[in-house]
Amino acid sequence: MDNYALFAKSISLNELGIENAKIQYQLTPNELHDITIQSGQGVENSTGALAINTGEFTGRSPQDRFIVKDSITEDKVWWGKVNIPFEPSAFDALYKKVTAYLSNKEVFVRDSYVCADPNYRLNVRVVTETAWANLFCYNMFLRPEKEELNGFTPEWTVICAPGFHADPAIDGTRQSNFAILDFTKKIALIGGTGYTGEMKKGIFSALNFVLPVFKNTLPMHCSANVGEDGDTAIFFGLSGTGKTTLSADPERKLIGDDEHGWTNENTVFNFEGGCYAKVINLTEENEPDIFRAIKKGAILENVVFKTGTNEVDFQDVSITQNTRVSYPIDHIDNIQPGSIGKNPKNIFFLTADAYGILPPISKLTPGQAAYHFISGYTAKVAGTEAGVTEPQPNFSACFGAPFMPLHPTKYAEMLSKKMKDANVKVWLINTGWTGGPYGTGSRMKLKFTRAMITAALNGELDNVEYVDHKSFGIAIPQSCPNVPSEILNPRNTWEDPNLYDTKAVELAHKFKANFAKFEEFANAEIMAGAPIA
């Protein structure tokens, strides 16, 4: 959508401390695409999408994410390994260095906003060193109409300078890259890394503080869609669990695939204007919406082409397993107008359990839902390149700990209240292994997972028989349309059921060990949702 092609507005960055810059303001996607290719920073793939390499960093760097500790944040942020404090004076000094670095250079500026609900809209100005980073922000943030730009006033500013490298000994950073949020100045400052996800997650981390503290609205790291009857479904899950894939349902309209707010008016709105999907092992058969969205205007990150062609080899992970594509949400046909849904009825917690313990679908009580939400569990196989195949647990509070400035129990209590008020059903979905752990069992078939979610959405699991899991206490349905009943209870799929019992207890203990750091803040209902083993 080249809706700024004829728009000319003169802006200055002097008030940001960026002086004498050659400002490329509000360029169209086509212009940014062409500049990236002409500068040698990207190439076009066989579908017309732009392919770029983000450089040294092909993912976020959580240990280099900081929050300025000041009068706004000092008593509210949950400080620690996730939210690392940064001195205001150190931020000011580093900020001056970054803006001096960008002065007298060509920079790309975009005015955009986040939060699709007009009552929660937050205007964002983005200043980037590269054209492709600016195109990423066009895709991922919401796009104001041309007439809105004349009176546009940014509330937050994102400054991204991947070519600037900090000096840790002087600047107070851990290493040369950094992503810092200053809630007083309302600035997200990013340097030393070209990974575009730092910009997206920077502004959404800010919303994860602003919305609950000042708007009494729950921010959620989730995808969401809407059925024909207007019922909204919410999907929480860490990377690799199927959050984007499962919410892209041909029978339902997509609100968004990653970041949403749940208001007191019982509506769910998308934070962003696009999708940022993993493309490792992408196929048109399994993920048609994502596959077809990769066209002109999309940006592929860190992918590899098939030899002698400009066709992407989605199986090639020689650069990174975190290959991705960003595209505006209108690259998908079946989207919800306005990116707002009402009437939330079902919540799905997605996990890819490489231990093969958790059921493919189970129903949670409110206490269990809060417990599993705070736990944010999935499991993955680490270091398979070196022959290490033992599953590794991965707990990320609220299914998005790196982006949550407040204590996880704050978000869990908000979610629990909203679930009760809206009479929402909560389901735990294991998209991981069945028949044993990784290396013994096999990955749950996508068609079965889709069938289970469809049955839950259609109310077809409301009146079936349930049995409680021996170690976790979660309710397992004994039948489900279009799903073989023998796979519903994972114990039945293991060759040695007694070994399953042993491993289930071990996993339950991993949950409890992880949750120990939250116990003093959790209420009795949440603690009652813990595994019973």
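1. Contact, or touching, means heavy atoms within 4.5 Å. In that sense, T232 touches N225, V226, R252, I255, V268, G341, K342, N343, P344, K345 and N346, with residues up to four places away in sequence not counted.

2. On the basis of the values: this is a predicted model, in which local features need pLDDT of at least 70 and side-chain atom pairs count only at pLDDT 80 or more, while totals for chains, interfaces and linings use all residues. Residues are numbered from 1 along each chain as its sequence is written, and side-chain values use heavy atoms, with hydrogens and water left out.

3. T232 lies in strand β12 (residues 232-237); helices (H or I, at least four residues) and strands (E, at least two) are DSSP runs, numbered from the N terminus. Its relative accessible area is 0%, so T232 is buried (buried means under 20% relative accessible area, exposed over 50%, partly exposed in between; 1.4 Å probe, protein chains only). A polar atom of the T232 side chain lies 2.6 Å from the backbone oxygen of K342.

4. The record comes next. UniProt, in an unreviewed entry, places the feature "binding site" at K201, H221 and D258. UniProt positions are given in the numbering used here, feature names are shortened, and annotations may be inferred rather than shown by experiment. The three positions spread over 58 residues of sequence but cluster in space, the largest C-alpha distance being 10.3 Å. Of these residues, the lining of the largest cavity includes K201. A cavity is a set of points, on a 1 Å grid over the protein atoms alone, where a 1.4 Å probe fits but cannot get out; lining residues have an atom within 4 Å of a point.

5. Which side chain does H221 join in a polar contact of 3.4 Å? The partner is the side chain of K201. A polar contact is a pair of N or O atoms within 3.5 Å; within protein, one must be able to donate a hydrogen and the other to accept it, and residues adjacent in sequence count only if both atoms are side-chain atoms. K201 is in helix α5 and counts as buried at 9% relative accessibility. H221 is in strand β11 (residues 218-226) and is buried too, at 8%. Leaving aside neighbours within four places in sequence, K201 touches R60, H221, D258, E259 and F403; the contacts of H221 include K201, D258, E259 and F403.

6. S205 also lies in helix α5 (residues 197-214). With a relative accessibility of 2%, S205 counts as buried. The backbone oxygen of K201 lies 2.7 Å from a polar atom of the S205 side chain. Beyond four places in sequence, S205 touches R65, L181, F183, P402, F403 and P405.

7. Five strands form an open sheet of mixed pairing, in the order β2-β3-β17-β18-β16; two strands pair if DSSP finds at least two bridges between them. β2 (42-44) and β16 (274-278) are at the edges with a single partner strand each, so one side of each has no neighbour in the sheet. Neighbouring strands are turned by 25° against each other on average, direction ignored. Axes are lines fitted to C-alpha atoms, for helices over the stretch in contact, and angles run from 0 to 180 degrees between N-to-C directions.

8. β16 and β18 (residues 324-328) run antiparallel and are joined by five bridges. C275 stands opposite Y327 in β18. Helix α1 (residues 29-38) packs on the sheet, where α1 touches β2 and β3 (50-52), and the direction of α1 makes about 115° with that of β2.

Technical notes. On a 1 Å grid over the protein atoms alone, a cavity is a set of points where a 1.4 Å probe fits but cannot get out, and a pocket is an open set with protein on both sides within 12 Å along at least five of seven lines; lining residues have an atom within 4 Å of a point.
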